[in-house]
Amino acid sequence: METAAAVSVPRSACRAALPFPAPLKLQGRVALPRRALPGAPRQRLVARCAAADDSAAAAELPIEKRFAAFPTVMDINQIREILPHRFPFLLVDRVIEYKAGEYAVAIKNVTINDNFFPGHFPERPIMPGVLMVEAMAQVGGIVMLQPEVGGSQDNFFFAGVDKVRFRKPVIAGDTLVMRMTLTKYQKKFGLAKMEGKAYVGGDVVCEGEFLLISATG
């Protein structure tokens, strides 16, 4: 008895059209198979092959080259020109997205060298929640202190928070991504209400509502 030899099929063969199954003979009559939707099996097969190609390409690329860095809209020097805070209380490292008078997205690189970790906590370094809130308020300050809202370093104050929730701990090695959106601004009174969310790896770790005030509003 002859045995069929194993044949290696190249990926390009995935794009070949699939043949229809042979007719079935039932009780002396020939039953033709139902015709599938044109191109449907072939499209599914091509999609699987494309996904396999992408996975193989990603696996071959070294991990240090697979992830793009965050963009830079404002670097630390530009941030220092806007915010009055300085070490150890400047908690914004880079602005990665910004729309004047509307919102800002910024990051804080949390490292074991941050001065709060020796006491919070020595055996389990967790970023204090109040400092997450402060960092988010500073991102809000970047929105409020721009010329579009008539702000300056001399009259910016963090006035209050509401509905703050901490969802997950932030630890050394995390990158805290914070989005602050201006929802209401009463220029007559110098009051700005903002909504804020902070993320690590796409997961919300902190959120709340913020009130900022301009002394010369």
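**View 1. Sequence separation of contacts in the predicted model.** In this predicted model, 62% of the contacts between residues at least 6 apart in sequence join residues at least 24 apart. Three helices and eight strands make up the secondary structure of the chain, arranged along the sequence as β-β-α-α-β-β-α-β-β-β-β.

**View 2. The largest nonpolar core.** This core has 40 residues, and those with the most contacts inside it are Ile79, Met127, Ile142, Val170, Leu176, Val205 and Cys206. At least two core residues are supplied by each of helix H2 (76-82), S4, helix H3 (129-144), strand S5 (156-166), strand S6 (175-186), strand S7 (191-200) and strand S8 (203-214). H3 provides the largest share, 10 residues.

**View 3. Surroundings of Leu176.** Leaving aside residues up to four places away in sequence, Leu176 touches, among others, Ala106, Ile107, Lys108 and Val110. Further contacts of Leu176 include Met127, Met132, Val170, Ala198, Tyr199, Val200 and Val205.

**View 4. Burial and surface.** Of the 217 residues in the chain, 31% are buried. The accessible surface comes to about 14,300 Å², with 57% belonging to carbon and sulfur atoms.

**View 5. Confidence along the chain.** The mean pLDDT of the chain is 81, and 68% of the residues score at least 70. Strand S4 (residues 103-109) has the highest confidence, at a mean of 97, whereas strand S1 (residues 24-26) has the lowest, at 50. Over residues 2-7 pLDDT stays under 50, and the model has zero contacts beyond four places in sequence for them. Residues 11-20 also stay under 50, but have 15 such contacts beyond four places in sequence.

Note on methods:
Residues are numbered from 1 along each chain as its sequence is written. This is a predicted model: local features need pLDDT of at least 70, side-chain atom pairs count only at pLDDT 80 or more; totals for chains, interfaces and linings use all residues. Side-chain values use heavy atoms; hydrogens and water are left out. Helices (H or I, at least four residues) and strands (E, at least two) are DSSP runs, numbered from the N terminus. Buried means under 20% relative accessible area, exposed over 50%, partly exposed in between (1.4 Å probe, protein chains only). Contact means heavy atoms within 4.5 Å. Accessible areas come from the Shrake-Rupley method with a 1.4 Å probe; for residues, only the protein chains shown count as cover. pLDDT is the predictor's confidence in each residue, from 0 to 100. A nonpolar core is a set of buried Ala, Val, Leu, Ile, Met, Phe, Trp, Tyr and Cys residues joined through side-chain atoms within 4.5 Å.
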